[in-house]
Amino acid sequence: MSNEKQVDSSRRGLLVATCAAGGVVGLGATGALVSTFQPSERAKAAGAPVEVDISTLQPGEMRTVEWRGKPVWILKRTPEMVESLKKTDKDVADPNSERTPDMLTPEYARNQYRSIKPEILVAVGICSHLGCSPSTKFQTGAQPSLPDDWAGGFLCPCHGSTFDMAGRVFKNKPAPDNLEVPRHMFVGDAKIIVGKDEKGEA
């Protein structure tokens, strides 16, 4: 009788150990499966879309996010900034974003505002000349390296290219093109997805 009890208890121990090992393997597999639904750091670096909450973005405020290793500006323009685009329209080199549009400007941003919504600009913050990052120069009027009638925009510190509040390059500047507008889309009024639109990912 004692031998039977010994055999039963050893079998029970083996069964418990087997179940425990199976449970650990199962949990590990589930964890691996769940993690595949989230973009990895490598996927993000390769260009996975980036979701940005803009619910707290105030007029005149700009937020910078990283997409594909590049800075992407999200600027909520004030009514005055939007109005300034009428003034700069005649002074910029490519007002309607017709130069290499498929590379630099999605169809829905080929307008005076270079945006889906006039008040929101989404642009890659890299100068089209030699890849420097322009500085914000939102204050209007005469300033160093800027014209006396400056209406606000961006100044590249490397070679002096200037861009208006829509990222359109002014005439006779080293930069050959406007700032790039990445593919993007709005999710309601509070979020923007950079790197993806209704047609798919960039």
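Confidence in this predicted model is lowest in helix 1 (residues 2-35), with a mean pLDDT of 48, and highest in strand 4, with 97. Here pLDDT is the predictor's confidence in each residue, on a scale from 0 to 100. Helices (H or I, at least four residues) and strands (E, at least two) are DSSP runs, numbered from the N terminus. A contact means heavy atoms within 4.5 Å. Residues 21-39 also stay under 50. For them the model has two contacts beyond four places in sequence. Where pLDDT is low, the predicted coordinates should not be read in detail. For the protein, the mean pLDDT is 82, and 77% of the residues reach 70 or more.

A few ground rules come next. Residues are numbered from 1 along each chain as its sequence is written, and side-chain values use heavy atoms, with hydrogens and water left out. Because this is a predicted model, local features need pLDDT of at least 70 and side-chain atom pairs count only at pLDDT 80 or more, while totals for chains, interfaces and linings use all residues.

Now look at the sheet that holds strand 4. Three strands form an open sheet in the order 2-3-4, and their pairing is antiparallel. Two strands pair if DSSP finds at least two bridges between them. Strand 2 (62-67) and strand 4 (120-124) are the edge strands, and each pairs on one side only. From one strand to the next, the twist averages 20 degrees. The angle is taken between N-to-C directions, on a scale from 0 to 180 degrees, with axes as lines fitted to C-alpha atoms. Strand 3 (residues 70-76) pairs with strand 4 over five bridges. Leu 75 stands opposite Leu 121 in strand 4. Val 72 stands opposite Val 124 in strand 4.

Is strand 4 buried or exposed? Five of its five residues are buried, so strand 4 is largely enclosed by the rest of the structure. Buried means under 20% relative accessible area, exposed over 50%, and partly exposed in between (1.4 Å probe, protein chains only). Both faces of strand 4 are covered. Ile 120, Val 122 and Val 124 lie on one side, with Leu 121 and Ala 123 on the other.

Ile 120 leads on to Ile 54. Ile 54 sits in the loop between strand 1 and strand 2. At 7% relative accessibility, Ile 54 is buried. Ile 54 and Ile 120 are 66 residues apart in sequence, yet 9.9 Å apart in space, C-alpha to C-alpha. Beyond four places in sequence, Ile 54 has contacts that include Ile 120, Arg 63, Ile 74 and Lys 191.

Met 81, Val 82, Ser 84, Leu 85 and Thr 88 are buried. They cover an arc of only 150 degrees around the axis, which puts them on the same side of helix 3. The arc is that of the directions from the helix axis to the C-beta atoms. On the other side, Pro 79, Glu 80 and Lys 86 are exposed.

Two bridges join strand 6 (residues 153-155) to strand 7. Phe 154 has Phe 163 in strand 7 as its bridge partner.

A salt bridge is a side-chain nitrogen of Lys or Arg within 4 Å of a carboxyl oxygen of Asp or Glu. By this rule there are nine salt bridges. One of them joins Glu 51 and Lys 191, at 3.3 Å from N to O. This pair links distant parts of the chain, with Glu 51 in strand 1 (residues 50-53) and Lys 191 in strand 9 (residues 191-194), 140 residues apart. Lys 191 is partly exposed, at 33% relative accessibility.

Glu 180 forms a salt bridge with Lys 70, with the closest N and O atoms 3.6 Å apart. Glu 180 lies in the loop between strand 7 and strand 8 (184-187), and Lys 70 lies in strand 3, 110 residues apart. Asp 102 and Arg 110 also meet in a salt bridge, at 3.2 Å from N to O. Asp 102 is exposed, at 72% relative accessibility, whereas Arg 110 is partly exposed, at 32%. Finally, Asp 89, Asp 164 and Arg 168 are linked in a network of salt bridges.
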